[in-house]
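The following account leads the reader through selected features of one protein structure. Please keep the sequence and the coordinates at hand while reading.

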Amino acid sequence: MLFAPGADLLKARQLVSERVANVTPSLPTWAAPPVMLQPLSSTSRVMKIGLTSDERSLMEMSMITYWKIRAHLLRVPGVANVAIWGERLQMLQVQAIPEKLKANDVSLNQVMEVTANALDAGLLQYSPGSVIGTGGHIETPNQRLSIQHVLPITTPKDLAEITIEEKNGKPLRLGDVANVVEDHQPLIGDAVINQGEGLMLIVEKLPWGNTLEVTKGVEEALEQMKPGLSGITLDTEIFRPATFIEESLNNLSRALMLGCILVVLVLGAFLFQWRTALISLIAIPLSLVTAASVLYLTGASVNTMVLAGLVIAVGVVVDDAIIDIENIIRRLRQHRAEGGNRSTASVVLEASLEVRGPIIYATLIIIAAAVPIFFLQGLTGAFFRPLAISYTLAVLASMLVALTVTPALALIFMRKVPLKEQEPPLVRVLKRGYRAVLSRMVRRPVAGYATFGAMAAIGAVTAPLLGQSLLPDFKERDFLMHWLTQPGTSVTEEYRVSQKACEELLTIPGVRNCGSHIGQAFNADEVVGVYFGENWISIDPAVDYDKTLKSIHEVVDGYPGIVRDVQTYLKERIREVLTGASDAVVVRLYGDDLALLRSKAAEIQTIFEQTEGTVAPHTALQKDIPQLNIEVDLAKAQSYGLKPGDVRRAAAWLVAGEEVGDVYRGGKAYDVQVWSPPEVRSDISSIRNLPIDTPSGQKILLSDVASVQVKPTPNVIQRDAHSRRIDIEANVKEGALGDVVAAMEEGLKKVELPQGFRTQILGEFQERQAATKTLLTLAIGALAVIYLLLQVAFGSWRLATLVILTLPIALVGGVFAAFMGGGVLSLGSIVGFLTVMGIAARNGILLINHCQHLEKYEGEKFGPELVLRGAGERLSPILMTTLATGLALVPLVVLGNIPGHEIEHPMALVILGGLVTSTLLNLFVVPSLYLRFAKPKAQRHQAPPEPVLANA
């Protein structure tokens with residue numbers, strides 16, 4: 001059962017439990033009571049453990065695993081379930097031999113009743129053995145003595161000695177008409193560990209469990225049990241997602257550290273004063289730690305997306321610290337050069353108040369640009385919301401630190417420090433060159449306008465050429481291969497081909513281990529047939545990832561006739577959540593006529609095969625499989641005094657077996673089952689010849705009263721939305737998602753569907769489209785909010801319009817970067833564009849606001865000199881913040897698409913490209929536009945109106 005995000009799982013579990021309890025008494029007696037597993041999430045699997053032994057049998061290992069290892073692991077906090085594949089539970093079996101039953105005139109009912117009544121706990125409700133009496137007690141004058149009945153039957157030999165009846169003065173025992181042996185239950189699944197037999201434990205966590213903590217707890221529990229598991233080899237590396245998480249966190253932490261080091265170098269080069277650099281270096285980590293503390297106090301865990309948000313926020317955090325301290329130092333230097341007699345405190349306060357308004361408005365703009373990410377729903381929301389939260393918290397913390405801590409630190413460190421009148425050497429060189437270029441552009445701006453106009457046009461042409469994807473492939477070092485033979489394949493054959501595949505996969509350099517689980521396990525959430533398997537391998541971190549993956553594909557492709565793929569766990573889980581299938585694009589066909597459904601599915605698969613960009617198109621394995629149909633002939637059955645139910649029960653006992661009781665020893669329960677020898681149920685002829693007891697005592701064959709025929713039957717029937725359905729699936733090449741879906745939409749229009757039939761396209765594209773639509777719709781709202789904030793900041797609709805119209809041009813660099821970085825636009829890239837939009841608007845507001853300040857408070861007349869001075873004085877903070885933001889992201893770009901960077905790498909590329917164009921735009925084009933459009937022509941030489949920020 002699947003529940004909507006945000007549902008109270010424990011309450012839902014209680015409600016379901018109450019309904020199941022109401023239904024359970026009405027189930028047939030041969031049906032096992034329903035078992036409800038603990039709540040699980042789509043990514044609940046935290047470990048796959050392989051168990052092998054050269055000293056112990058699979059049955060012995062199964063009992064140790066079930067009664068000891070599983071029970072111990074279930075006590076680990078956060079563990080929801082431990083399923084055991086390949087489990088062979090030890091039990092006593094009474095395998096009734098039809099010939100001996102007939103020779104001794106014993107019925108199968110007698111064997112079952114005698115076996116059940118011989119035990120402490122018989123399960124046949126109609127037999128006396130189902131009533132378990134207590135031992136009772138006796139009273140003496142001074143004490144009470146309890147009575148325990150000790151069952152003498154513990155071994156097959158003991159059970160074989162049970163008497164069925166007396167014949168000619170001699171006891172007829174169970175062993176005379178049956179093979180009484182220790183064996184295991186019929187297999188509903190199996191496991192391959194490396195190159196041979198073994199058990200696979202799949203540990204699953206609760207939805208709220210932390211993967212790293214649960215993994216640590218499981219490993220500690222296994223370590224504690226090791227001394228008692230002599231002769232058993234444990235392999236905990238077949239699948240261990242914690243490894244990928246740890247590697248990702250390490251890589252992102254390294255990127256954050258390298259980014260901060262590069263930021264320090266930038267600050268040192270631009271500020272050229274250790275005290276000012278120290279103030280900035282205190283403010284930056286303080287902002288990040290404040291954001292992390294809020295996350296901790298709210299119960300959030302640190303994951304890769306949270307760290308990514310902090311990495312991206314470094315630039316804004318640096319910006320706030322730099323704007324404040326740079327303005328304070330500049331005003332202190334100016335005040336001392338002019339020989340002013342005001343106190344340092346008053347100068348620091350005035351300088352801080354001067355940039356207070358711009359910082360607040362710029363921060364609000366950054367947050368407004370990030371707000372659309374909070375409204376993402378479903379899978380994409382789960383991925384990107386933590387990033388938006390950590391990013392926003394860091395930005396807010398940075399603003400608070402800039403408005404409070406930075407001025408206080410400046411006052412403490414700079415109170416009596418002599419400041420050189422000259423600016424740092426690097427800043428002086430940059431300003432000279434910048435002024436020379438900008439003065440020409442201000443006077444002749446047409447070339448600048450034309451350049452950026454051409455860039456915008458090229459960007460508009462390039463954008464449609466970008467491929468589309470929802471999320472990138474994750475660089476996990478654990479791979480899974482779905483391994484599906486044709487429906488109806490036996491568990492033995494599925495085991496054989498899985499073992500063969502593991503043998504070949506282990507020959508690839510770097511492949512450390514291989515494990516396969518086939519079919520089902522008891523109390524597990526995988527409900528499939530024995531023809532369904534999954535092969536899991538892990539590869540050494542030291543080997544080349546892409547080369548090894550290519551070799552794996554070559555081995556897997558060498559098994560024609562098997563439906564197979566190679567995926568990582570996260571990618572497979574994402575697709576499973578979106579469609580219930582493991583492929584990128586799924587066409588779901590609905591209809592009630594099964595034959596028509598299959599024929600139309602074949603037509604749609606043909607369209608898939610003819611569509612460029614698809615990989616391994618196929619139709620879900622809904623096929624007819626052979627089945628033995630046993631139909632009782634009523635007339636013949638009546639002639640022998642039999643009812644159809646009598647025939648069914650007798651045949652079922654011999655073919656499927658029946659548990660008649662339990663034996664308890666050593667704290668463990670062992671099933672006791674009545675069955676038949678394997679040769680009695682090995683083929684169709686043996687089924688036809690099954691012996692059936694009649695009320696008269698005569699022994700007849702099943703074929704005497706029933707027809708036994710092989711007939712086709714569907715291996716599975718899937719229903720959805722009150723209709724049968726079948727899925728036609730395919731994966732797609734990198735970046736071809738949008739093109740494939742568009743081609744399929746056109747192709748499906750040509751398929752003539754009967755009345756009542758319909759198609760639906762599901763998969764990554766639909767999720768991406770929904771997320772993109774949400775982001776773009778809310779981005780329009782965010783733009784409107786940014787526009788209003790700009791108007792309030794500038795006190796001018798003209799200036800607000802000027803900045804808002806330049807934002808699309810600022811995004812062009814992101815388009816170019818995405819094109820050169822692979823040409824694929826993922827959802828992370830779109831989030832990057834929102835970030836660039838906020839940063840570009842922020843830089844614009846700081847530049848224009850400073851020009852307004854110079855005109856209002858420092859007597860600069862509106863004209864070229866005002867623009868040149870304002871832009872020149874803002875050059876240092878703009879370059880510092882741009883370089884700091886860019887260099888903070890450089891490790892994400894340079895280190896490449898490694899674990900932990902899969903989503904952040906394309907996002908960083910877009911932000912980096914956008915920073916380049918937005919910075920060039922703000923430094924060279926916005927000043928010219930300000931000079932040209934800031935005021936109506938008639939007012940350009942009049943006294944300027946008071947901006948709102950003048951009172952800030």
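**A buried disulfide and its surroundings**

Cys502 and Cys514 are both buried. The model in which they lie is a predicted one. These two cysteines are joined by a disulfide, with an S to S distance of 2.0 Å. The link of Cys502 and Cys514 is left-handed, with -65° about the S-S bond. Because Cys502 belongs to helix 15 (residues 491-505) and Cys514 to strand 16, the pair ties together parts that are twelve residues apart in sequence. How many disulfides does the count come to? The count comes to one disulfide.

Cys851 is also a buried cysteine, because its relative accessibility of 3% falls under the 20% limit that defines the buried class.

Strand 16 covers residues 511-519 and also contains Ser516. Is Ser516 buried or exposed? Ser516 has a relative accessible area of 0% and is therefore buried. The side chain of Ser516 makes a polar contact of 2.6 Å with the side chain of Asn535. When neighbours within four places in sequence are left aside, the residues in contact with Ser516 include Cys502, Ser498, Glu534 and Asn535. Asp190, Ala191, Val192 and Met200 are likewise among the contacts of Ser516.

**An open antiparallel sheet**

Attention now turns to the strands. Strands of a sheet pair through backbone hydrogen bonds, in either a parallel or an antiparallel manner. Which order do the four strands of the open sheet follow? The order is 2-12-1-13, and the pairing is antiparallel. Strand 2 (79-85) and strand 13 (233-239) form the edges, each of them pairing on one side only. On average, neighbouring strands of this sheet are turned by 25° against each other, with direction ignored.

The pairing of strand 2 with strand 12 (residues 199-205) can be followed in detail. Six bridges join these two antiparallel strands. In one of the pairs, Ile84 has Leu201 of strand 12 as its bridge partner. Met200, already named as a contact of Ser516, falls within the residue range 199-205 of strand 12.

**A hairpin and residues with positive phi**

A further antiparallel pair consists of strand 7 (residues 163-167) and strand 8 (residues 170-173), which are joined by four bridges. Lys167 has Lys170, in strand 8, as its bridge partner. The hairpin of strand 7 and strand 8 has two residues between the strands, and Asn168 there takes a positive phi near 55°.

Most residues other than glycine have a negative phi. Asp105 is not a glycine, yet its phi is positive, near 55°. Where does Asp105 lie? Asp105 is placed in the loop between helix 3 (98-103) and helix 4 (108-117). With a relative accessible area of 48%, Asp105 is partly exposed.

Asn194 is likewise a residue other than glycine with a positive phi, here of about 60°. The position of Asn194 is in the loop between strand 10 (189-193) and strand 11 (196-197). Asn194 has a relative accessibility of 25% and therefore counts as partly exposed.

Note on methods:
Residues are numbered from 1 along each chain as its sequence is written. This is a predicted model: local features need pLDDT of at least 70, side-chain atom pairs count only at pLDDT 80 or more; totals for chains, interfaces and linings use all residues. Side-chain values use heavy atoms; hydrogens and water are left out. Two strands pair if DSSP finds at least two bridges between them. Buried means under 20% relative accessible area, exposed over 50%, partly exposed in between (1.4 Å probe, protein chains only). A polar contact is a pair of N or O atoms within 3.5 Å; within protein, one must be able to donate a hydrogen and the other to accept it, and residues adjacent in sequence count only if both atoms are side-chain atoms. Contact means heavy atoms within 4.5 Å. A disulfide is a pair of cysteine sulfur atoms within 2.5 Å. Axes are lines fitted to C-alpha atoms, for helices over the stretch in contact, and angles run from 0 to 180 degrees between N-to-C directions.
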